[in-house]
Amino acid sequence: MTTPAAPPTDLGVFSLAVPPLFAALAPARNVLIAGAGGGFDVYAGLPLALALWRGGAQVHLASLSFSELELIDQDAWRAEHVAAVQPGTTSPDWYFPERTLARWLAAQDLPSTVYAFPPLGVQPLRAAYRHLVEKLDIDAVVLVDGGTDILLHGDESNLGTPVEDITSLAAVTALDVPIKLVTSLGFGIDAYDGVNHVEVLENLAALDRDGGYLGALSIPGSSREAALYRDAVADAQAATPDRPSIVQGQIAAATSGAFGDVRFTRRTGGGDLFVNPLMAMYFTVDLDKLAARCLYLDRIENTVGRRQVITRIQAFREEFLNTRIPRAFPH
């Protein structure tokens with residue numbers, strides 16, 4: 001078993017010799033990696049979880065679920081809005097990424113509980129996270145986004161699909177946890193939803209000036225983590241053939257060296273994909289510093305339901321007059 005790298009003396013000062021993502025997590029005893037955007041987003045955290053497990057860390061997985069959680073076994077519920085999905089958890093819902101992942105993890109002899117939250121507003125989601133933090137003695141939370149819209153501040157030309165991502169960000173930023181990070185895997189994928197990635201890069205530069213950017217880290221295509229991640233994504237595609245994850249499919253393809261308009265599902269038949277190596281890189285930021293730059297986080301703070309979050313983001317965008325002018329990438 002590999003000993004985790006020793007953390008730097010000052011967590012605000014990193015070294016080229018140790019990736020800042022792992023240096024920041026080195027002091028943690030119990031890490032919660034959670035899919036911020038719902039559905040298959042938790043799979044984007046799998047390479048990181050695999051690396052941490054291999055280094056001896058305790059890692060727990062969680063997901064903001066789009067499944068019909070009210071249909072699962074009653075004994076799966078650990079608290080209000082917190083379900084512990086295991087390989088044997090039963091449900092008639094055919095779309096159940098959390099159970100699919102739990103079964104894959106069990107087949108690899110890895111910890112196989114995936115905690116699931118229903119789509120909620122900020123207040124109940126924060127309470128659900130707080131329950132897990134206390135129950136599991138969590139001292140590091142990593143929100144993982146498959147894509148980049150969690151990195152947007154609100155003044156961009158297009159926000160993509162921010163509802164679940166920003167709800168997760170708002171819920172976690174108020175938690176009393178020593179280490180809180182956001183990492184994005186799948187750079188460029190949200191162009192399909194109108195995100196301008198020049199603006200994403202501009203945001204990362206601003207966070208870097210604030211001391212909140214922990215850099216980019218490629219997942220080596222030949223690594224154990226990449227191979228197992230590709231296997232997990234293929235397993236999920238086989239388990240959910242009518243709705244495979246386009247996001248995870250592109251990331252998996254990128255980790256194998258694929259490039260351009262790669263076809264891996266009928267769902268992308270009418271599109272024009274641009275799979276490339278940037279999709280296989282984690283872009284990591286300090287969660288609280290990212291939250292501080294979100295221009296509408298205060299508007300969704302007291303929400304209870306998902307619909308409230310949607311309407312308040314819409315109202316903010318209708319009132320906000322200084323949206324950025326989108327720019328083409330110049331290179």
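Which residues does Asn276 touch, not counting residues up to four places away in sequence? Some notes, starting there; keep in mind that this is a predicted model.

1. Leaving out residues up to four places away in sequence, Asn276 touches Ala254, Ala258 and Phe259. You'll find Asn276 in the loop between α8 (246–255) and β9 (281–286).

2. Is Asn276 buried or exposed? Its relative accessibility is 7%, and buried means under 20%, so Asn276 counts as buried. A polar atom of the Asn276 side chain also sits 2.9 Å from the backbone nitrogen of Leu278.

3. Next, the largest pocket: its volume is about 1300 Å³. It is lined by 46 residues, and Ile189, Asp190, Tyr192, Asp193 and Val247 are the closest to its centre. Two or more lining residues come from each of β6 (140–146), α5 (163–173), α6 (197–209) and α8. The biggest giver is α8, with four residues. By type, the lining of this pocket has 20 nonpolar, 14 polar and twelve charged residues.

4. Now the largest nonpolar core, which has 52 residues; Phe117, Tyr129, Leu143 and Val182 touch the most other members. Helix α4 (residues 122–136) gives the most to this core, seven residues. Nonpolar side chains tend to be buried together in soluble globular proteins.

5. Take a look at Tyr129: setting aside neighbours within four places in sequence, it is in contact with Leu32, Ala34, Phe117, Leu143, Ala171, Val172 and Leu175.

Note on methods:
Residues numbered from 1 in each chain as written. Predicted model: local features only at pLDDT ≥ 70, side-chain atom pairs only at ≥ 80, totals over all residues. Heavy atoms only, no water. Buried < 20%, exposed > 50% of the residue type's maximum accessible area, 1.4 Å probe, protein only. Polar contact = N/O pair within 3.5 Å; in protein donor to acceptor, adjacent residues only side chain to side chain. Contact = heavy atoms within 4.5 Å. 1 Å grid on protein atoms, 1.4 Å probe; cavity = no way out; pocket = protein on both sides within 12 Å on 5 of 7 lines; lining within 4 Å. Points joined across faces, edges and corners; volume = space filled by probe spheres on them. Nonpolar A, V, L, I, M, F, W, Y, C, P; charged D, E, K, R; others polar. Core = buried A, V, L, I, M, F, W, Y, C linked by side-chain atoms within 4.5 Å.
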